[in-house]
Number of protein chains: 6
Amino acid sequence: MSNTTPVSDFSELVESVIGSYLAEPKTRHIDAGELANRDGVVEIVHLLRELLFPGYFGRQDLASSTLKYHVGELLLDIREKLTRQVHNALLHATTGNHALTRAEQIVRDYLAEIPKLRAILATDVQAAFDGDPAAADTDEIVFSYPGFFAVSVCRLAHELHARGVPLVPRIMTEYAHSVTGIDIHAGASIDEYFFIDHGTGVVIGETTIIGKRVKLYQGVTLGALSTRGGQRLRGVKRHPTLEDEVTVYSGASILGGETVIGKGVVNWSRAS
Amino acid sequence: MSNTTPVSDFSELVESVIGSYLAEPKTRHIDAGELANRDGVVEIVHLLRELLFPGYFGRQDLASSTLKYHVGELLLDIREKLTRQVHNALLHATTGNHALTRAEQIVRDYLAEIPKLRAILATDVQAAFDGDPAAADTDEIVFSYPGFFAVSVCRLAHELHARGVPLVPRIMTEYAHSVTGIDIHAGASIDEYFFIDHGTGVVIGETTIIGKRVKLYQGVTLGALSTRGGQRLRGVKRHPTLEDEVTVYSGASILGGETVIGKGVVNWSRAS
Amino acid sequence: MSNTTPVSDFSELVESVIGSYLAEPKTRHIDAGELANRDGVVEIVHLLRELLFPGYFGRQDLASSTLKYHVGELLLDIREKLTRQVHNALLHATTGNHALTRAEQIVRDYLAEIPKLRAILATDVQAAFDGDPAAADTDEIVFSYPGFFAVSVCRLAHELHARGVPLVPRIMTEYAHSVTGIDIHAGASIDEYFFIDHGTGVVIGETTIIGKRVKLYQGVTLGALSTRGGQRLRGVKRHPTLEDEVTVYSGASILGGETVIGKGVVNWSRAS
Amino acid sequence: MSNTTPVSDFSELVESVIGSYLAEPKTRHIDAGELANRDGVVEIVHLLRELLFPGYFGRQDLASSTLKYHVGELLLDIREKLTRQVHNALLHATTGNHALTRAEQIVRDYLAEIPKLRAILATDVQAAFDGDPAAADTDEIVFSYPGFFAVSVCRLAHELHARGVPLVPRIMTEYAHSVTGIDIHAGASIDEYFFIDHGTGVVIGETTIIGKRVKLYQGVTLGALSTRGGQRLRGVKRHPTLEDEVTVYSGASILGGETVIGKGVVNWSRAS
Amino acid sequence: MSNTTPVSDFSELVESVIGSYLAEPKTRHIDAGELANRDGVVEIVHLLRELLFPGYFGRQDLASSTLKYHVGELLLDIREKLTRQVHNALLHATTGNHALTRAEQIVRDYLAEIPKLRAILATDVQAAFDGDPAAADTDEIVFSYPGFFAVSVCRLAHELHARGVPLVPRIMTEYAHSVTGIDIHAGASIDEYFFIDHGTGVVIGETTIIGKRVKLYQGVTLGALSTRGGQRLRGVKRHPTLEDEVTVYSGASILGGETVIGKGVVNWSRAS
Amino acid sequence: MSNTTPVSDFSELVESVIGSYLAEPKTRHIDAGELANRDGVVEIVHLLRELLFPGYFGRQDLASSTLKYHVGELLLDIREKLTRQVHNALLHATTGNHALTRAEQIVRDYLAEIPKLRAILATDVQAAFDGDPAAADTDEIVFSYPGFFAVSVCRLAHELHARGVPLVPRIMTEYAHSVTGIDIHAGASIDEYFFIDHGTGVVIGETTIIGKRVKLYQGVTLGALSTRGGQRLRGVKRHPTLEDEVTVYSGASILGGETVIGKGVVNWSRAS
């Protein structure tokens, strides 16, 4: 390929691009520390999935007699990698005092929650099996249901979000969003036995509260009424509450922080 | 990174995670055989796409004079890899008698269907070209249309599903779902000249029947009325029938096993 | 694995597949030149993202004192790779006279637009920050918002589409579609300060015109009324116009080339 | 690239190559089981090196408080992979009765030797440090000395060879040969505190016996007098014996099964 | 890592390195075409080894009933890749007229030699088996003997060298040299039933002639007497001739173009 | 694979291996900092080779008009990676005060030597061309001669060794040793126009001094007379001096710190 550009032209191009960096600081990250590493966070999601669902992902030949070595090594690996990401995220967001100590403490507390997370995720698997006649067995759900994957990642991210870790939970949930089309903010509060069927297009906002035994179909929005208030609304409850045993069919939008869907309601979005 | 955890704490963490494995069998797969290999199935999808659409994917420099060697080697590779996955899936689902013989027979019959699949996929390409003014030529459709990709994978998975192969068709269609946002159950019956435009959010349920020359837009649900019956509904026709030449516009939900959209109907989901 | 197929059977299988290639030319690409390389185009998207948002993607340790070497090398890499893809695309679509010269000229003009693209993308970041109370800072938007990613790729693809490059812009936008569930045709005209929140299921058609300070939510369709006219409609304005400061809430469909949503309108798709 | 070969010519080429397979069985391996997997054996060498020298290779951040998990997982991984290779090797060499049981027993016995191997390898490190004024510390020897690497691999291979495992020890030592230029047959018997300096060109034959505190330089051959007897010599002691504290300088050839270099001898190959 | 270099210093460093490029043309390759691709040539060596020794390298599950597809596809792959490398090498060395046509002709002739190469390599395997009591079977020789690998690559490179291809044969033999320590120039003429035992340090010069049933040990040099004449000696016979059934033991140097080692001679390099 | 080991046996195995770690500190690296990263150092060697010989390795399409961007980016990459390795090596060897500042200073000084290194390496290329009638052109030497590669790496390592960097120069030269069979200690002092032909088995010791226009053949040792003194000899001149225009033929050993081979001597190792 001939490269016949006169050198002055190419130099001008380089200079004009650099000039555009100087002109607009919001979209550059120069002379600054490490921000985050999306690939690193995605790897941690997969390692946590191995830990949560032993034998489904990663090594499939686990034997109970030697399980502790596998689990121990996996926990060491997760602890090291997650501490690094949390540390970077804390440094980026704050002045960084004691960031490493805080990161280590957060990760220690976080990993201690794994058994509780497993208990609640088992109810989610059961909800999927009970709710989907097409499910052949529970293995198929753990292994391949996008709704279950999105909920798993959301529960993992929620525990970091609840401990004040910036950016990392967002990268986790956006990864699940990218893979499944299900966009659950890590701040949402979701009780046990939760099932999202099909799931593409589901949006669950930051301040949503969801009770037990709730079921959502694809395209459901649990959103804000209006965000014209922008950053002034930060922290305000803007998204609805769904009480226990609510079902919301595909395409419904339930909006607003004061909206409550009462226990057992079945919400039909529209006539078909 | 300092690793100052007292050893007893870390051992306790390991033990508590293992305890949660013992407590909840639905989300563990320990002391059991190989379940399935998602990456292996995804690779097979890509090899089958090379076989179906020669010269678009994989090697682009195919010459008709030497085509048979390429096709033969590709078929050998697919045959070996697919037989292994089908074999594992049969072992997982059944007592495993004659599983290998059955897997080999299924794969042999399956590969013999490739010419028929090519014939029907050619009608799908034509449907996309006729239905989308933005399509510059048919190459663009084969190469880049997500709706066509999802339908191709669904037709490939359907033939395995029809032969009683568990899990593998599901992994195939969930892969297409993840890439395109189009969720077609491998059990759905879809006739020729089918086109899904844009496609994100489309759901087509397990017992759906779709006639010839049907066109769907993004966000269309062909679903069940209610699944409160759960596993008792397994095998029952729960999803609608679309007769020939039906068009369903974006966001429409057509629900229920007894719902029939008659020939030539154009379904508008809502006023805009 | 025993390979007991009699040789004649396997030869017959090979012959039948090849026969199906001869029977159906629309889904084969044999005895023809290189068509395009999806992986190559996706790599270019990522390199352009590094160029547009320095320090967020790729190397994070950029220093302003040595920035010009990094930018220069990146531009050289993009120029070479993009020229090759544009060249192949032009060869495929036309008779190929002067294709290389034209490709080089197109890429030169294209890269000169990068500073303008950065300026308009900075308004998009601001729109996301102003419109989403959940956004902690603008870094999070650049780094992880799928709506911003889709709009970035669309603006990059639009400039190639406007210069008459076939196939490559489509591969770019379909890649963004696959990752985000947001399907924006590279032909759409989109003014500054544009924000798509959540985004899964959004469709923006080829001849759509969008003004300044417009905001869309997930599942919004800006589509055609009917495409029954098929290829005869090619080039006709089939998609709506949204004037400045329009907001369209989730799930709305706005259809037709003559539809205009006037300045400042807030469009509610449906009661919930 | 034009592919203008007439099809008959290319078919003839294929047929002539296949004809040459039929003509010469010694250099084909068709219609037969899996032979061995060089890459798999090389991976095992590296895992064993991690096990033998913790913290030098693989993970460098090991803490004694959590070491057992790392070691346990590593041993499980090695046990599984080595059992598979030994099993294949036994199947290839014998009628295969009880091959899996034998492979499992061999690997179990083999791994129990690791502590003894570590003890003798520590004497080899000391020998290198004592014998090479250029060595800054023992870490440098473990980390980068080719002679120490070759001896480590040889000791690992020797234990498999002594248990009757075919092919695998050979692949191990040929890997070390390829990396270091040092060719030690896995059958050689080598006592503690052994050092090979520089090492390229060293050959140590199958029936060599080497005492304690022996040092060899590059290019030394401990070989057979003549192998004209070919396969009839199989199993006969054909290579020399070096008693304790022998030093052999570069380029010397010591040949023959009855040759004994007595305790403490320093062998000069030639005047310089 | 702080990057505190003042910008002028770094710019000066860049300029001084570029200045050194201008000052010394022998070690730069700028404003010039593609030279060669070492990785590409190494890949071809491995593909040719798969072709020569079916079932040992690459796929191990070959069945004679479907072999022709595997061989055909492999030959197509080799033909395409080798033609590209030969083409580049011819362009680099000559004015490039008809370089592509010549490259295609050379590769066509070259591949037609494969059956003859297989026949002679079978004699080499036999020679190794007859000559090494440590060889358990011929599979072990094909699979793991470095001498056999080096001779295989040399015979492959020799056929390209004999057809006037520059650079590519050299890259092939230097690759074998790097792996085995055996340095055979592609120009050397070597008859059947040839065996190099151990092999590290063997050098066989460009104009060497070796008869049938010759055996060399490690460290043997078949070299030139003096190369003080430098480039004036180009093309002159500078290396020895070994007649049939010669054996040369380790470390011997046989030098000079007029030196002939007569039939059946056994050459001892030195007393030990 | 059945995993029937009783758990107590496996636990005992783990404990016995860990016990062997406690027993022998010389071959463990536990509860300690990062030691070094061989893969990282090897990558730096390849980046430095790209910098020294532009257009031969890495990108081959360099144009002088845009060279400065390529060189600048390459230097930034090398600077960052080499600083990290040197920093780790200094930390390992010393108490670590100011280790980062020292590492940055060392790398800055080191990179300033690149032009001088290029000048002397150009004389080495010329020496190879003048000395080897088989060399077709100088490109072939830069691209494929192992002797030239080993000398290049040695000169690169020597400059780090001379600045007191531990471990890194050793890893560099051992990498070259592994690839070429040529073992040059980074401490050796080697003047311009140096050529090693074939090279396998060459050893050049730490305190060797080599003048201008020297040529070595394969298997030459420039070594120490005896190293029985072990670590007491550290720093003493133990290896010979070769004055200008010396040639040493294959297999010769020249030993001892007081040995001087005078100007112009041609050393024959032995009668053949």
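Which residue of S12(F) does Val248(F) stand opposite? I will come back to that in a moment, after a word on what we are looking at.

This is a predicted model, in which local features need pLDDT of at least 70 and side-chain atom pairs count only at pLDDT 80 or more, while totals for chains, interfaces and linings use all residues. Residues are numbered from 1 along each chain as its sequence is written, and chains are lettered from A and ligands numbered from 1 in the order in which they are written.

On confidence, the predictor gives the complex an ipTM of 0.91 and a pTM of 0.93. For chain A the mean pLDDT, which is the predictor's confidence in each residue, from 0 to 100, is 90, and 94% of the residues of chain A reach 70 or more.

Now to the opening question: the residue opposite Val248(F) is Asn267(F), in S12(F). Strand S9 (residues 247–248) of chain F pairs with S12(F) in the parallel sense over two bridges, where pairing requires that DSSP finds at least two bridges between two strands, and where strands (E, at least two residues) and helices (H or I, at least four) are DSSP runs, numbered from the N terminus. Those two strands belong to an open sheet of four strands in chain F, with the order S3-S6-S9-S12 and parallel pairing. Its edge strands, each pairing on one side only, are strand S3 (195–196) and strand S12 (266–267) of chain F.

Let me turn to how the chains meet. Between chains B and A, the contact takes 49 residues from chain B and 51 residues from chain A, two residues being in contact if their C-beta atoms, placed from the backbone, lie within 7 Å. On the side of chain B that touches chain A, the largest share, eight residues, comes from H1(B). By class, that side of chain B has 18 nonpolar, 19 polar and 12 charged residues, with Ala, Val, Leu, Ile, Met, Phe, Trp, Tyr, Cys and Pro counted as nonpolar, Asp, Glu, Lys and Arg as charged, and the others, Gly among them, as polar.

How are these two copies related? A rotation of 120 degrees with 0.0 Å of shift along its axis superposes chain B on chain A, with an RMSD of 0.0 Å, by least squares on the C-alpha atoms of residues with pLDDT of at least 70 in both. That is the relation of a three-fold axis. The copies use different surfaces, in that 12% of the contact residues of chain B recur in chain A.

Finally, 50 residues of chain F are in contact with 53 residues of chain D, and H1(F) gives the largest share of the chain F side, eight residues.
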